[in-house]
Amino acid sequence: MWDLVLDDDQVMIAESIREYLASEAPIERLRPNAAPRDFAQARAGIIELGWFGLGLPDAVGGAGLGLVEEVLVQRECGRYLISPSVLATVLGAHVAAEAGDAAFDWNAGDLLVAWADSGMGLFDARCFEDARLDAGLDDSVRLQVGALNISKARYWIPAATAPIALRAQVLLAARLIGLAEHACDLTVEYAKVRQQFGKPIGSFQAVKHRCADMVLRARLAWHQTALAGLKVQAAARDAALHAAAAKLIAAQAAHENARAAIQLHGAIGFQSECDVHWFMKRAHLYDQIGGGMQVQARRVMSERSPLW
């Protein structure tokens, strides 16, 4: 039996992370007319709080907790659309630990994490000096395109089904869930105050049903991701299946909830001043990292039991 219920310590971890990000990195920071915020300050706080080493063993300077706790961190990071570089640092720490490094310099800017179908590894930044800036859907994240030469890796872990790759899939699923949940929360709050025909639009059955669907999608994705986290942590035989299923279901929830959020906000939902458009853009970004929905669906089919 797999226990999917968070214990008191895990609930406390999640609540403290949410409070910190709501204060230091609110969604409003992404608005075009928002006052500039120094994310380096928020990142310094994240380092001090030990989020990057939460799932690392004590022997390499980590907190000695598990994948479930890392999932809680990334879920809240997804809720506040935190830079993918935070997740990359978490994964880079695991790659470095597996390489046998006794410590990892969280402040270093000279290491990059590369993730391909063939595996994951650490590279010096100079290996991508020829990378060029490219236009992305989410202009709050800088996108650069360059060739990957595995032979230049400082350390490379082969195979897309290696534990580190499965961990990455689960953590990305957690990001997508946080995004889906926050898109739902914003929409429900808007439905309480936006009025039509003298009533809040949330009182209309059609709007209620769509909000209920948003809640259900996020919950289903969370339960699958929580199970996948436990499976990967326990090195279960079907861990790869559940990790792919988690990423697939979470991506679907994020896309559908972001779309519903924009539509239920009405005309304002299509304007840049409204925050919900960021959730759709970031859903596309998170979905493509590590393979999009079609890739995950193929992985699920290839990993499924013959009895299915």
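User: Does A235 count as buried or exposed?

Analyst: Relative accessible area under 20% means buried, over 50% exposed, and in between partly exposed (1.4 Å probe, protein chains only). A235 has a relative accessibility of 65%. Therefore, A235 counts as exposed.

User: What pLDDT does the protein average?

Analyst: This is a predicted model, in which local features need pLDDT of at least 70 and side-chain atom pairs count only at pLDDT 80 or more, while totals for chains, interfaces and linings use all residues. Residues are numbered from 1 along each chain as its sequence is written, and side-chain values use heavy atoms, with hydrogens and water left out. The predictor's confidence in each residue is its pLDDT, from 0 to 100. At least 70 is reached by 92% of the residues, and the protein averages a pLDDT of 87.

User: Why is α5 described as roughly parallel to α7?

Analyst: Helices (H or I, at least four residues) and strands (E, at least two) are DSSP runs, numbered from the N terminus. Axes are lines fitted to C-alpha atoms, for helices over the stretch in contact, and angles run from 0 to 180 degrees between N-to-C directions. Angles under 35 degrees count as roughly parallel, over 145 as roughly antiparallel, 65 to 115 as roughly perpendicular and the rest as oblique. Helix α5 (residues 163-193) and helix α7 (residues 239-264) have axes 8 Å apart and pack at an angle of about 25 degrees, which makes α5 roughly parallel to α7.

User: How is α5 placed relative to α8?

Analyst: The axes of α5 and α8 are 10 Å apart, at an angle of about 165 degrees. That angle makes α5 roughly antiparallel to α8.

User: Which residues in α8 meet α5?

Analyst: From α5 come L172, R175, L176, L179, H182, A183 and L186. Their partners in α8 are V276, F279, R282, A283, Y286 and D287.

User: Is H265 buried or exposed?

Analyst: H265 lies in the loop between α7 and α8 (276-288). Leaving aside neighbours within four places in sequence, H265 is in contact with L186, T187, Y190, C274 and V276. Its relative accessibility is 8%, so H265 counts as buried.

User: What is the phi of F197?

Analyst: Most residues other than glycine have a negative phi. F197, in the loop between β6 (195-196) and β7 (199-200), has a positive phi, near 55 degrees.

Terms used. Contact means heavy atoms within 4.5 Å.
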